[in-house]
Amino acid sequence: MKVKSIIVLILILLVAGANIAYACEPVIPKHPFRDAKIVFFGELVEVTETNDRRSRVVKFKVERYWKGKPTEYVTLETPTTLCCGYGFRVGEKYLVYAYREKSSRLETSVGWAFADDLAEERIKKLGKGKVLESENAASK
């Protein structure tokens, strides 16, 4: 009887642990450009954790964009969980597809942000892009 109780307890713990492990399912977009509010390429300049530590706020300096009307700096929220959050690093450049889901703040996550070769490949498909108006005026 004692062995059966232990087996049942182990099964319960495994099932409960599985629910916690899969609580975050990344939403990989089929059409990221169409589904995004803003699409831009820029350098990550700042990362801060939110008070609840479930997400981070990331700030980019925009170099060029393809969709939306970003300002010089764009601030987004991204999950901190391994399966959904993106491992952004300050000083690196990214192609970002930002969307709005739950909050009024723009968000991004795995499948919505790209660095290195993946960014280059996608940028080739997107084309030249646009620079911000203030940068256009400064270069004239």
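A residue counts as partly exposed when its relative accessible area falls between the buried class, under 20%, and the exposed class, over 50%. The model on display is predicted.

Select K93 first. Its relative accessible area is 37%, so K93 is partly exposed.

Remain on strand β2 and select K61 together with E72. These two form a salt bridge in which the closest N and O atoms are 3.1 Å apart. E72 sits in the loop between β2 and β3 and K61 in strand β2, so parts 11 residues apart in sequence are tied together.

Next, select R34 and D35, another salt bridge, with 3.3 Å between the closest N and O atoms. R34 is exposed at 57% relative accessibility, whereas D35 is partly exposed at 34%. In total, the structure holds four salt bridges.

Turn now to the aromatic residues, where six pairs are counted. Display F60 and Y94: their edge-to-face pair has 6.1 Å centre to centre and 80° between the planes. F60 lies in strand β2 and Y94 in strand β4, 34 residues apart. Both residues of this pair, F60 and Y94, are buried.

Finally, select D116, D117, E120 and E121, which form a negative surface patch. Of these, E120 lies in helix α3, residues 116–126.

Methods:
Residues are numbered from 1 along each chain as its sequence is written. This is a predicted model: local features need pLDDT of at least 70, side-chain atom pairs count only at pLDDT 80 or more; totals for chains, interfaces and linings use all residues. Side-chain values use heavy atoms; hydrogens and water are left out. Patches are made of residues with over 30% relative accessible area and no salt bridge: like charges are joined within 9 Å, nonpolar side chains (Val, Leu, Ile, Met, Phe, Trp, Tyr) within 5 Å. Accessible areas come from the Shrake-Rupley method with a 1.4 Å probe; for residues, only the protein chains shown count as cover. A salt bridge is a side-chain nitrogen of Lys or Arg within 4 Å of a carboxyl oxygen of Asp or Glu. Lys and Arg count as positive and Asp and Glu as negative; His and the chain ends are not counted. The place of a charge is taken as NZ of Lys, CZ of Arg, CG of Asp or CD of Glu. Helices (H or I, at least four residues) and strands (E, at least two) are DSSP runs, numbered from the N terminus. Rings of Phe, Tyr and Trp (its six-membered ring) pair if their centres lie within 6.5 Å; planes under 30 degrees apart count as stacked, over 60 as edge-to-face and the rest as tilted. Buried means under 20% relative accessible area, exposed over 50%, partly exposed in between (1.4 Å probe, protein chains only).
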